[in-house]
Amino acid sequence: MLPKLEDGDIVVASGWFRKLQPHDVVIIKHEGLEKIKRVQHVNKDKLYVIGDNDSFSTDSRHFGWIDSGHVLAKVLWTRIDGFNQTSD
């Protein structure tokens, strides 16, 4: 699982991915904005996504389940304060 993301972290993502699973980090399109969220639950073609910043994140706790078609990319790699991490 990728570590918690903060403002300024660098990510590399790909629009080519197979099945999404809980804990995957994804870039979604919601209300005209691109948002980075973590998949918490998967139910067929629906995803429940949450942000890493509980206090300020707008996510499925506010707008509910999203269609998997709103996923633009899956995050594959992050750089956090000089520490590199890849997804499982």
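Student: Does Lys44 count as buried or exposed?

Tutor: A residue is called buried when its relative accessible area is under 20%, exposed when it is over 50%, and partly exposed in between (1.4 Å probe, protein chains only). Lys44 counts as exposed because its relative accessibility is 79%. Before we continue, please note that this is a predicted model, in which local features need pLDDT of at least 70 and side-chain atom pairs count only at pLDDT 80 or more, while totals for chains, interfaces and linings use all residues. Residues are numbered from 1 along each chain as its sequence is written, and side-chain values use heavy atoms, with hydrogens and water left out.

Student: Which helices and strands are there in the protein chain?

Tutor: Both are DSSP runs numbered from the N terminus: helices are H or I with at least four residues, and strands are E with at least two. The protein chain has one helix and seven strands, and along the sequence they follow the pattern β-β-β-β-α-β-β-β. Lys44, for instance, lies in the loop between β3 and β4, the latter spanning residues 46-50.

Student: Which backbone angle is noted for Lys44?

Tutor: Lys44 has a positive phi of about 55 degrees, although it is not a glycine. Glu31 is placed in the loop between β2 and β3 (33-43), and its relative accessibility of 70% makes it exposed.

Student: How buried is His30, and where is its place?

Tutor: His30 is in strand β2, residues 25-30. With a relative accessible area of 14%, His30 is buried.

Student: Which residues does His30 touch?

Tutor: Contact means heavy atoms within 4.5 Å. Not counting residues up to four places away in sequence, His30 touches Lys35 and Phe63. For the protein chain, contacts with a separation of 6 or more may be considered together: residues 24 or more positions apart account for 46% of them.

Student: How many salt bridges does a search of the whole structure find?

Tutor: Side chains of opposite charge can pair when their charged atoms come close. A salt bridge here is a side-chain nitrogen of Lys or Arg within 4 Å of a carboxyl oxygen of Asp or Glu. The search finds five. One of them joins Asp52 and Arg38, at 3.0 Å from N to O. Asp52 lies in the loop between β4 and α1 (60-63) and Arg38 in strand β3, so this pair ties together parts that are 14 residues apart in sequence. Asp52 is partly exposed at 21%, whereas Arg38 is buried at 8%.

Student: What does Lys46 pair with?

Tutor: Lys46 forms a salt bridge with Asp67, and their closest N and O atoms are 2.5 Å apart. Since Lys46 is in strand β4 and Asp67 in strand β5 (residues 66-67), the pair ties together parts 21 residues apart in sequence. Both partners are partly exposed, Lys46 at 37% and Asp67 at 35%.

Student: Which residues do salt bridges with shared partners join into one network?

Tutor: Begin with Arg61 and Asp54, whose side chains meet in a salt bridge at 3.8 Å, N to O. Arg61 is partly exposed at 40%, while Asp54 is exposed at 53%. Salt bridges that share partners join Asp54, Asp59 and Arg61 into one network.

Student: What is the volume of the largest pocket?

Tutor: Rolling a probe the size of a water molecule over the atoms shows where empty space is left. On a 1 Å grid over the protein atoms alone, a pocket is an open set of points where a 1.4 Å probe fits, with protein on both sides within 12 Å along at least five of seven lines; lining residues have an atom within 4 Å of a point. Grid points are joined across faces, edges and corners, and a volume is the space filled by probe spheres set on the points. The largest pocket has a volume of about 450 Å³. It is lined by 18 residues, of which Leu5, Glu6, Asp7, Ile36 and Asn53 are the closest to its centre. With four residues, β3 gives the most to this lining.
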